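User: Hi! Could you walk me through this structure with a few questions and answers?

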Amino acid sequence: MGGPPSDPILSGLVDALCVAKRPESTMIWKRSPKVQELLKGLGTGAIAATHEGLDTLPSRAAEHLRTLMEYHGLLPPRDRWLPRFEQWIDDKLIDLPTEVARPARHFATWHHLRRIRAIADAGGDTQPSVRSAKQEITETVKFLSWLRSTYGRTIETCTQHDVDQWIATGPTTRYTIRTFLVICKQDRLNTAVQLGHRAPKTTPSLTQAQRIAWISELLTGDSETLPYRVAGVLILLYAQPLKSIVRLQTSSIIDGNPMAITFGKHPVDVPKPFAQLVRDVLAHRTNLRTSGHGNPWLFPGTHAGDHLHPDTIMHRLRLIGMSNLGARNSALDDLVLECPPSVVADALGYSHQVAFLHAERSGETWARYAGRRLR
């Protein structure tokens with residue numbers, strides 16, 4: 001960047017880069033032409049040292065600097081996924097015919113973007129909503145493009161037969177246009193068509209023997225490294241979804257006798273064989289050299305102050321043959337047989353509706369149990 005920068009933000013950035021625990025990694029990173037272009041632009045003032053300035057040169061290097069500057073208080077925290085989603089919408093619709101782009105943009109902005117902005121303003125995690133929104137918008141664009149090219153029709157002139165044919169002649173992901181059709185009905189763009197929810201033909205699950213075998217393998221085997229073994233057991237014992245696992249903070253763990261972890265409204269006990277693995281993870285958390293020793297997450301990510309991405313854990317568990325969804329379903333099915341579903345829901349961070357659905361599927365009628373206790 002040349003001489004010592006006079007801008008306190010840039011001066012702080014230089015300090016942050018210089019105090020990295022692995023200076024050799026920083027030196028290797030700076031060899032990239034894109035990184036040099038970015039640092040030169042910041043140093044000369046051609047790129048403002050702001051979120052908006054970094055947005056002008058979108059790259060992995062810019063995102064790395066952004067998270068580093070947020071972590072050190074040089075930039076205010078900003079939701080990572082919302083700006084990317086806004087840009088994604090523009091890129092997705094830029095070259096589409098008006099008959100396709102207009103209703104798709106209306107759906108993307110007035111339904112999805114408004115909802116995701118509200119989540120971001122409330123401090124919530126927007127990544128899952130952005131992911132599902134992208135799929136719904138993508139399938140909507142495909143449907144509208146097919147409708148136009150095949151029949152010369154728009155959403156306003158679309159018929160029920162068109163919708164039925166689209167669903168019947170393609171993969172199940174086509175059902176994700178349902179939300180678009182609901183919004184079109186609400187906005188009176190087309191009140192004549194409808195699409196029900198898709199009922200899954202099967203529900204992935206493990207047998208109890210398979211679940212116990214996986215718990216034993218992850219507790220004592222060497223099929224994966226320690227963090228991913230712990231993540232796998234959190235699924236198998238407590239039915240935790242990956243998005244909740246990666247957002248577990250070290251403060252959620254109470255290392256007493258017994259150890260306890262808080263997933264929902266109150267802590268739950270951790271059995272002794274697993275408690276030792278959790279202690280080992282706490283003592284040897286990975287990525288702290290790059291993500292910072294003040295990182296609060298049980299599973300730190302590679303960026304400053306960030307946690308692992310859910311897909312990272314999902315892919316690692318898939319490589320050893322473990323079904324994430326099957327393990328979670330089996331764990332929840334078993335837990336609602338052992339305790340009232342409402343208790344399980346409160347302890348593990350699930351809604352009561354989901355817990356009772358699993359109880360019903362498992363053949364247990366806890367409503368009758370509750371009635372007997374009240375009488």
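This is a predicted model: local features need pLDDT of at least 70, side-chain atom pairs count only at pLDDT 80 or more; totals for chains, interfaces and linings use all residues.

User: Which residue just after α18 takes a positive phi, and of about what value?

Analyst: The place to look is just after α18, at Gly 349. The phi of Gly 349 is positive, at about 85°.

User: What does Ile 313 touch, leaving out residues up to four places away in sequence?

Analyst: Ile 313 is one of the residues that touch the most other members of the largest nonpolar core. With residues up to four places away in sequence not counted, Ile 313 touches Tyr 228, Ala 231, Leu 242, Ile 245, Val 246 and Leu 308.

User: How many disulfides does a search of the whole structure find?

Analyst: A disulfide needs two cysteine sulfur atoms within 2.5 Å. For Cys 158, which is buried at a relative accessible area of 5%, the nearest cysteine sulfur is that of Cys 184, 8.8 Å away. Cys 158 is therefore in no disulfide, given the 2.5 Å cut-off. Over the whole structure, the number found is zero.

User: Which strands stand at the edges of the open sheet, and why is one side of each left without a neighbour?

Analyst: The three strands of this sheet follow the order β1-β2-β3 and pair antiparallel. Two bridges join β2 (residues 260–261) to β3, and Ala 260 stands opposite Asp 269 in β3. Each edge strand has a single partner, so one of its sides has no neighbour in the sheet; these strands are β1 (253–254) and β3 (268–269).

User: Are helices α6 and α7 roughly parallel or roughly antiparallel to each other?

Analyst: The axes of α6 (residues 81–93) and α7 (residues 98–121) come within 11 Å and cross at roughly 180°. Among the residues that meet here are Leu 82, Phe 85 and Ile 89 in α6, and Ala 101, Ala 104 and Ile 116 in α7. Angles over 145 degrees count as roughly antiparallel. The relation between α6 and α7 is therefore roughly antiparallel.

How values were computed: Residues are numbered from 1 along each chain as its sequence is written. Side-chain values use heavy atoms; hydrogens and water are left out. Buried means under 20% relative accessible area, exposed over 50%, partly exposed in between (1.4 Å probe, protein chains only). A nonpolar core is a set of buried Ala, Val, Leu, Ile, Met, Phe, Trp, Tyr and Cys residues joined through side-chain atoms within 4.5 Å. Contact means heavy atoms within 4.5 Å. Helices (H or I, at least four residues) and strands (E, at least two) are DSSP runs, numbered from the N terminus. Two strands pair if DSSP finds at least two bridges between them. Axes are lines fitted to C-alpha atoms, for helices over the stretch in contact, and angles run from 0 to 180 degrees between N-to-C directions. Angles under 35 degrees count as roughly parallel, over 145 as roughly antiparallel, 65 to 115 as roughly perpendicular and the rest as oblique.
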